[in-house]
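Work through the exercises below with the sequence and the model open. Try each task before reading its solution.

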Amino acid sequence: MKLSSYEDLRSKLLSHEVTCEEVVRFYLKRIDDYRDDNIYITVFYEHALERARSLDQKLKAGSHLGKLFGMPMAIKDNIALKGERLTCASKILENYESVFDATSVIRLEEEDAIFLGKTNMDEFAMGSSNENSAYGNVPNPFDKKRVPGGSSGGSAAAVANDLAMVALGSDTGGSVRQPAGFCNIVGLKPTYGRISRYGLVAFASSFDQIGVLSRNCDDAALVLGVMAGKDGRDATSSCHVVPEYYSEMANVSVEGLKIGVPKEYFPESLNPDVASIVKGKLFELRDQGAELVEITLPDSKYAIAAYYILVTAEASSNLARFDGARYGYRSQNAGDLAGMYVNSRTEGFGREVKRRIMLGTYVLSAGYYDTYYKKAQQVRRVFQERYREALEKVDVIAGPTSPFPPFGIGDKTGDPLEMYLADVFTVPASIVGMPAISVPLGFDSSSLPVGMHLICNFFEEGKLLGIARRMQPSL
């Protein structure tokens, strides 16, 4: 079943060429075919088919159909769906079942989407390669010896392998965009607060944002429009008006577009193929009427350092709730309460999660709070000022999604700092909270995907999607 977009699927459903049940059976069969790749942690075989049949009846009865009628979707396993496991790819939540739905899930179901299952991820969304999952690695769709990126690697691989039409991920420092770049798909992180975080398991609360992974910008715009908007259950969600993203995309023209190109995004260490492909696309846009404006973001070198101080501090606080006392894994090797806490967390958390909890606890400690955490917050404010100033002069800031193509499984696990640098170009947008997207550009000399990263000003998702839409090659 070859489907280019949701529009294509919807027309086939409404003309009765296929049924929702047939579509779901097709995707479930493909999921089974890729079982060895660990892309899904949980598959909703019965629930998805039951939902599909009810939607077929809805169409037959002539009832009103939602904007996402019959769209087969996947969900990263840190987003709550009532009655289903919510593991965060961690042993500590291995058998935990959610008792409520995330706001994003509720809104998507109200528009008749179908959820196929929960996708694999780096444990508690901490990682850039999907190698930190308690359920094993997920291979890259284009080379199974390489990583798909992280932490939303399972969601990206699901879309790239056609195991879901669209997938939800979460993005804290690039966890939607970087795997999208590694898997040759679109990955959108909206403005912080654009989508409610209610039902998203917290990693770093002032950074986390649910994002969309899809094969094209149209599908991303459609899903974003359904999920976006104020939610009374999330005080950080924005009341900023939700526009008609399709109309905004249509109004974007390459002619006269000012594209900011920071010299800091093209260092000498940048992979030559990545640099050549990204610059080639920029020159192509210039030939079509866009203006390339060289800008400078001199504080970019501090992005990774500030980011990992702030997110580990927030992770240390957020993950304190997983103690074996209330829910999740509880160690049997403890003789007292303190021993239960220590052993449950020691046995339940993976290595990378423990590393970040310890780093976060350290930077929040009385002797180092001002030296590290307070200073990182000051750097964050400087970043916000720099990016606001830059985007007053240009429409969009462009550069590579990652400094290198997908790397080999195991290549960077022994060097955490080298792993963290995989997000060096995506982290700044997360620090400032601006919307950003990775759009596929094609393949390098080794047939590995290369992505372009774009940043727009706050709540300019429609403009961002419109620019990305004109960059993306036909799939």
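Helices (H or I, at least four residues) and strands (E, at least two) are DSSP runs, numbered from the N terminus. The model is predicted: local features need pLDDT of at least 70, side-chain atom pairs count only at pLDDT 80 or more, and totals for chains, interfaces and linings use all residues. Residues are numbered from 1 along each chain as its sequence is written, and side-chain values use heavy atoms, with hydrogens and water left out.

**Exercise 1. Describe how H4 packs on H7.**

Step 1. Two packed helices are described by the angle between their axes and the distance between the axes. Axes are lines fitted to C-alpha atoms, for helices over the stretch in contact; angles run from 0 to 180 degrees between N-to-C directions.
Step 2. The axes of H4 (residues 103-110) and H7 (residues 217-227) come within 8 Å and cross at roughly 110 degrees.
Step 3. H4 and H7 are therefore roughly perpendicular (65 to 115 degrees; under 35 is roughly parallel, over 145 roughly antiparallel, the rest oblique).
Step 4. Ser104, Arg107 and Leu108 of H4 meet Val223, Val226 and Met227 of H7.
Step 5. Sort them by class: 4 nonpolar, 1 polar and 1 charged. Here Ala, Val, Leu, Ile, Met, Phe, Trp, Tyr, Cys and Pro count as nonpolar, Asp, Glu, Lys and Arg as charged, and the others, Gly among them, as polar.

**Exercise 2. Which residues of H4 are buried, and what do they pack against?**

Step 1. Thr103, Ser104, Val105, Arg107 and Leu108 are buried.
Step 2. Their partners are strands S2 (72-76), S3 (114-119), S4 (166-171) and S6 (209-214), together with H7.
Step 3. Not counting residues up to four places away in sequence, Val223 touches Leu68, Met71, Met73, Leu108, Val166, Leu168 and Val212.

**Exercise 3. Describe how H7 packs on H16.**

Step 1. The axes of H7 and H16 (residues 461-471) come within 9 Å and cross at roughly 165 degrees.
Step 2. That makes H7 roughly antiparallel to H16.
Step 3. From H7 come Cys217, Asp218, Ala220, Ala221 and Leu224; from H16 come Glu461, Leu465, Ala468 and Arg469.
Step 4. By class, this contact has 6 nonpolar, no polar and 3 charged residues.

**Exercise 4. Check the backbone at Ala89, Phe124 and Ser151.**

Step 1. Most residues other than glycine have a negative phi, and most peptide bonds are trans.
Step 2. Ala89, in the loop between S2 and H4, has a positive phi of about 55 degrees. It is buried, with a relative accessible area of 0%.
Step 3. Phe124, in the loop between S3 and H5, has a positive phi near 55 degrees. Phe124 counts as buried at 3% relative accessibility.
Step 4. Gly150 and Ser151 are joined by a cis peptide bond, with omega about 5 degrees. Ser151 sits in the loop between S3 and H5 (153-160).

Technical notes:
Contact = heavy atoms within 4.5 Å. Buried < 20%, exposed > 50% of the residue type's maximum accessible area, 1.4 Å probe, protein only.
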